[in-house]
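Open the model in your viewer and get ready to select residues. This tour visits the ligand and the pockets.

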Amino acid sequence: MASMSDLGIVRDHIAAARSLVVLTGAGISADSGVPTFRGADGLWRNFRAEDLATPESFDRDPRLVWEWYNWRRELIASKRPNPAHDIVVEFERRCSQFWLITQNVDGLHRAAGSQRLSEIHGNIWKVRCTVCGVVEENRDVPIPILPSCRHCQELLRPHIVWFGESLAADDLARCATALRSCDVLLVVGTSGVVYPAAGFAAVAKEAGAFVAEINPDPTPHSGIVDVSLKGRAKELVPFLL
Ligand code: OAD
């Protein structure tokens, strides 16, 4: 468990920061009941990413992919933000230069009230037309399979960045600017193995930021951060306000 003195050090840095970036992963939503991807109960233990979360798998079997996303939509629809999501909103309110970078597609940061954020892996509540490219919010649970675009009637896909796909260039540029100019980066609940987000802590560190992480387990970030707070997001993040 994180020590009170380490928590105090991170809290003081956050309170003094003129520019704060928070990077989150599935661990922050684990405390809301959303399954993570890796680890003992992780989704990738029971499902093969290459069958469900690649452009090739969607081309091969869009029905199967949509069924999996329908299952996840159903699961996430009943989940609510937890105190860690709420405190991130409070950080945003208090810090004039704030940016939240989340790898999560569950929309819980938005549901909590976060506004200055990049959802770099997309959002499970958005769909994108495979032909005309229009992106729209869609909260149907279940979504009718196969869903079609209301503008051109072609096939819709989840607006999610799958393995082998690139992040949106404007998102990446926005994140790079925030990471290079922040005083403090707080990394919460990510295994730190999926790039480019896995490289973000190093970018901020090299640019001179104070970097802290919150995670119950060691990660590849643990060796480079200034303080590693061992524990759960919903228990530790509220100590940092
Ligand atoms: P992972 O599932 O890889 O890692 C979750 C991390 O959260 C692990 O390091 C856990 O130790 C930690 N964790 C678990 N419970 C926690 C808690 N209560 N509080 C804090 N931390 C906790 O999830 P990500 O790192 O987000 O891609 O995975 C990155 C990407 O891989 C995801 O965005 C997803 C996946 O494939 C897409 O959806 C495109």
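Select His-121 and the ligand. A polar atom in the His-121 side chain sits 2.7 Å from a ligand oxygen. This is a predicted model.

Now Trp-44: an N or O atom of its side chain is 3.1 Å from a ligand oxygen atom. Of the 800 Å² that the ligand exposes when taken alone, the protein buries 91%.

Next, show the whole shell. It holds 22 residues, with Phe-37, Arg-38, Thr-190, Ser-191 and Asn-215 the closest to the ligand. Colour by class: 9 are nonpolar, 9 polar and 4 charged. Highlight helix α2, residues 26-30, which gives the largest share of this shell, 3 residues.

Switch to a pocket view. The ligand takes up the space of the largest pocket. The volume of this pocket is about 1000 Å³. Its lining counts 50 residues; nearest the centre are Ala-26, Thr-36, Phe-37, Arg-38 and Ser-191. Select α2 again: it supplies the largest share of the lining, 4 residues. Helix α6 (62-77) and β8 (210-215) each supply at least two. By class, the lining has 27 nonpolar, 16 polar and 7 charged residues.

Last stop: the second largest pocket, with a volume of about 200 Å³. Its lining has 14 residues, and Glu-119, Gly-122, His-159, Val-161 and Asp-171 are the closest to its centre. Select β4 (122-129) and β6 (156-160), which each give two or more lining residues. β4 gives the most, 4 residues. What is the class make-up of this lining? The count is 4 nonpolar, 4 polar and 6 charged.

Notes
Residues are numbered from 1 along each chain as its sequence is written. This is a predicted model: local features need pLDDT of at least 70, side-chain atom pairs count only at pLDDT 80 or more; totals for chains, interfaces and linings use all residues. Side-chain values use heavy atoms; hydrogens and water are left out. A residue is near a molecule or strand if one of its heavy atoms lies within 4 Å of it. A polar contact is a pair of N or O atoms within 3.5 Å; within protein, one must be able to donate a hydrogen and the other to accept it, and residues adjacent in sequence count only if both atoms are side-chain atoms. Accessible areas come from the Shrake-Rupley method with a 1.4 Å probe; for residues, only the protein chains shown count as cover. On a 1 Å grid over the protein atoms alone, a cavity is a set of points where a 1.4 Å probe fits but cannot get out, and a pocket is an open set with protein on both sides within 12 Å along at least five of seven lines; lining residues have an atom within 4 Å of a point. A molecule sits in a cavity or pocket if more than half of its atoms lie within 2 Å of its grid points. Ala, Val, Leu, Ile, Met, Phe, Trp, Tyr, Cys and Pro count as nonpolar, Asp, Glu, Lys and Arg as charged, and the others, Gly among them, as polar. Grid points are joined across faces, edges and corners, and a volume is the space filled by probe spheres set on the points.
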